[in-house]
Amino acid sequence: MSATDPTTGTTDPKIWMRRQGRWSAFEILAWLAALTPFFLFPTYLPLANQIAIAALFAISVDLILGYAGIVTLGHAMFFGLGAYFAGIISVYGWGEPITGLLMAGAFAGLIGFIASFLITRVQHLALIMVTLGLGFLTLELANAMSWLTGGTDGLRGMNRWPVFGQFRFDLWGYTSYTYSLIVLFICFLLSRRLVNSSFGLALRGVRENVKRMPAIGSDHKWHLRKIYTISAAIAGLAGALMAQTTNVVTLDALSFQRSADVVVMLILGGTGRLYGAILGAFIFLMARDQLAGVNPQYWYFGIGILLMLVVLFMPKGILGFLSGLVSRRGK
Amino acid sequence: MLGRTATVVVLGLGLAFSTAASAQEPLKIGVILPYSGPFADAANQLQAGIDLYLATHGNEVAGRTIEIVRRDTGGPAADVAQRLAQELVVRDGVDILAGFALTPEALGAAPVSAEAGKLMVVMNAATSIVTEQSPYIVRTSVTIPQLNYAFGQWAHEVAGVGEAYTLVADYGPGHDAEAAFSRGFTEAGGTVVGSDRTPVANPDFSAFVQRVRDANPEAVYIFVPGGAQPAAIGRALADRGLAPPDTAIFAQGELTHPEALESMGETALGIITTFHYTLERDDPLNNEFVAAYTAANNGREPDLFSIGGYDGMHLIFEALKATDGDASGDALVEAAKGMSWQSPRGPMWIDPETRDVVQTVYIREIQDVDGELQNVIIHEIPDVKDPLHGSN
């Protein structure tokens, strides 16, 4: 790793970027590990499905928080919009999963595009407040429109069809996990391509110094709008996955808790790294599952301790810490 | 002939063997509740009801040891409840699903119960539709329409109120309560002169109470979630001079919980509520239950969650006795249909058609009993069913 700094390095930027996009053995191993639940832990498939969905949601937030520096506490808004969209069209007679999923993602993306005009106007604390406010507004809207969403009781009468007309969503979760994992993988590939492109670099530029971007001729607002829309669409896909694999949507999909949990996942795993999002989702939900199995009342205590330890001793998250170790060893 | 006899003998032996085998392995009950988060107190009260039943009745029934596996949803998260139910069935191999303090939890787990064919005992979630989501669901708590439809009828027919105003929290249970009370009240001949909805998390009721005051109805019906709100609305009512006997105040039982009463103080006097469980009801079974419960929980008194958990365990035990330890969903749900028993709350039974609870609804008034505010039962309406089942 000699030419890692594109501003001072001597390597041609195109070669540098291609090198960034190259697959490492670790990555291939990580994705192979994602297949192990099928063979080794078939009784953990429902949890694996939930992890895959949380990881997808975390990736969507990482794109804006980790790469573009948009701090959000209301991203469950898009998760919930996707979930409700997929749920509601299946109530009204269209239960085909894949088209439903895509439409839900497009819908969340559209709302994200509209919201992005507001988002790009503000920064820092105001940004947190605006995202938080949008999240609360959506939650209250869904609560008020109980004729459509079912309100606090949750959406009723969802009817999802088998995937490709073949694979029913089974009790063991084989179909659900396969389906979610494939969607996660495709979205991951897209996001990976995105963050390793010049657009991804521009986003990092915005994150590091938003005032310098116009100075070097980069239209940072348009970049932010684009990434916010993409992120909203991916969050919508995650929500739609949850709706389709569990066949139920409640107001919880839009809750502040969900927005906050995903930020916790990112901090645990490491922001600004796509694998950090996946690892964070994995650690958060595994820890939750194991701690809650031991003590259902006070498991969040364990998460709190974990979060403090990570923030104190691994400020770049667990993955950032690990990669720091590896590169130090490599020197 | 010989062949047939042999088959019967072999079958019989096989059956005997299989029951002998099942007699040894423990019977697992998966309890899904919001043990953490904002509803943790409800979950703990419900769990204490379950624990008390096991402590007083032993943890063995029909030759099988009962094992409780607890899982936390953290709140009204349907997807988490569904995953937990799935895992309980496929990984932990539970025979019965139970718990469910919140409606979304029950809705999430219902498809799992339907697909896996497991008995699902809903020990609290109070929305009508819950029992319609799976043929294996039985409810041992209460439904909001059950309490309030009967209450609405009573308000006109017995209490003689002609005009009422409704003021409910703006969320699912509030809407249900408003609809049920209004329906019972207007069908009996009363008139609803106005209705308002308050935000769910709203500590200041003064503006709403002022509107009620301006309308000057004979009675006001109130539904707010438990917690800090009963005291807040009690204070707002007292400040605006909206109090019995000038204006009758009707509400569902949560408003006058012992804890809520403490913070409301004198302003609570004369409030009339409808509920299925009354802590102060003088009945040998209830007195014994309350004494055992407070002794086991550092003086904490049982509430609606506790009684739901306690009766839920009773239903499971009695159903297992009836099936002789057969824990298949079909056998248990058949045994539960029509089952009736004396609970600390009073007589109750399971409607064989809807698998929902049928019970006595108590109308109580806050009175000063030896210097202490208590819910005093002024009327009992026996055998009340949920009026919404089969109507939509």
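## Two domains of chain B

In this predicted model, six residues of domain 1 of chain B are in contact with eight residues of domain 2 of chain B. The domain 1 side of this contact consists of two nonpolar, two polar and two charged residues. Each domain is assigned as two stretches of sequence: domain 1 covers 14-142 + 285-355, and domain 2 covers 145-275 + 361-384. Taken over C-alpha atoms, the centres of domain 1 and domain 2 of chain B are 31 Å apart.

## Where chain B touches chain A

The contact between the chains involves 32 residues from chain B and 27 residues from chain A. On the chain B side, the elements that supply two or more residues are strand 3 (64-72), helix 3 (78-90), helix 4 (103-116) and helix 6 (172-188). Sorted by class, this side of chain B has 15 nonpolar, nine polar and eight charged residues.

## The largest nonpolar core

The largest nonpolar core has 208 residues. The members that touch the most other members are A:Ala55, A:Leu56, A:Ala58, A:Leu237, A:Ala281, B:Ile222 and B:Phe250. Helix 4 (residues 45-67) of chain A gives the largest share, 17 residues. From chain B, domain 1 and domain 2 each contribute at least three residues to this core. In soluble globular proteins, nonpolar side chains tend to be buried together.

Which residues are in contact with A:Ala281, leaving aside its neighbours within four places in sequence? They are A:Ile51, A:Ala54, A:Ala55, A:Ala58 and A:Met265.

## Two helix pairs

In chain A, helix 4 packs against helix 13 (residues 256-269) at an angle of about 75°, and their axes are 9 Å apart. An angle from 65 to 115 degrees counts as roughly perpendicular, and helix 4 and helix 13 of chain A are therefore described in this way. Helix 4 of chain A brings A:Ala54, A:Phe57, A:Ala58, A:Val61, A:Asp62, A:Leu65 and A:Gly66 to the contact, where they meet A:Val262, A:Val263, A:Met265 and A:Leu266 of helix 13. The contact has nine nonpolar, one polar and one charged residues.

In chain B, helix 2 (residues 40-57) and helix 10 (residues 284-296) pack at about 105°, with their axes 10 Å apart. Helix 2 and helix 10 of chain B are therefore also roughly perpendicular to each other. The residues that meet are B:Ala48, B:Leu52, B:Ala55 and B:Thr56 from helix 2, and B:Ala292, B:Tyr293 and B:Ala296 from helix 10. Six residues of this contact are nonpolar, one is polar and none is charged.

B:Ile366 is part of strand 14 (residues 357-369) of chain B. Is B:Ile366 buried or exposed? B:Ile366 is buried, because 23 other C-beta atoms lie within 10 Å, and 20 or more are needed for that label. Beyond its neighbours within four places in sequence, B:Ile366 is in contact with B:Thr256, B:Ala268, B:Leu269, B:Gly270, B:Ile271, B:Leu373 and B:Asn375. B:Gln146 is 220 residues away from B:Ile366 along the chain, and their C-alpha atoms are separated by 21 Å.

## Two positive phi angles

Most residues other than glycine have a negative phi. B:Phe100 is not a glycine, yet has a positive phi of about 70°. B:Phe100 sits in the loop between strand 4 (96-99) and helix 4 of chain B. B:Phe100 counts as buried because it has 33 C-beta neighbours inside 10 Å.

B:Arg355 is not a glycine and has a positive phi of about 60°. This residue, B:Arg355, is in the loop between strand 13 (346-350) and strand 14 of chain B. With 22 other C-beta atoms within 10 Å, B:Arg355 is buried.

Terms used. Residues numbered from 1 in each chain as written. Chains lettered and ligands numbered in written order. Predicted model: local features only at pLDDT ≥ 70, side-chain atom pairs only at ≥ 80, totals over all residues. Domains from an automatic or database assignment. Contact = placed C-beta atoms within 7 Å. Nonpolar A, V, L, I, M, F, W, Y, C, P; charged D, E, K, R; others polar. Helix = DSSP H or I, 4+ residues; strand = E, 2+ residues; numbered from the N terminus. Core = buried A, V, L, I, M, F, W, Y, C linked by C-beta atoms within 7 Å. Buried ≥ 20, exposed ≤ 12 C-beta atoms within 10 Å, placed from the backbone. Axes fitted to C-alpha atoms, helices over the stretch in contact; angles between N-to-C directions. Parallel < 35°, antiparallel > 145°, perpendicular 65-115°, else oblique.
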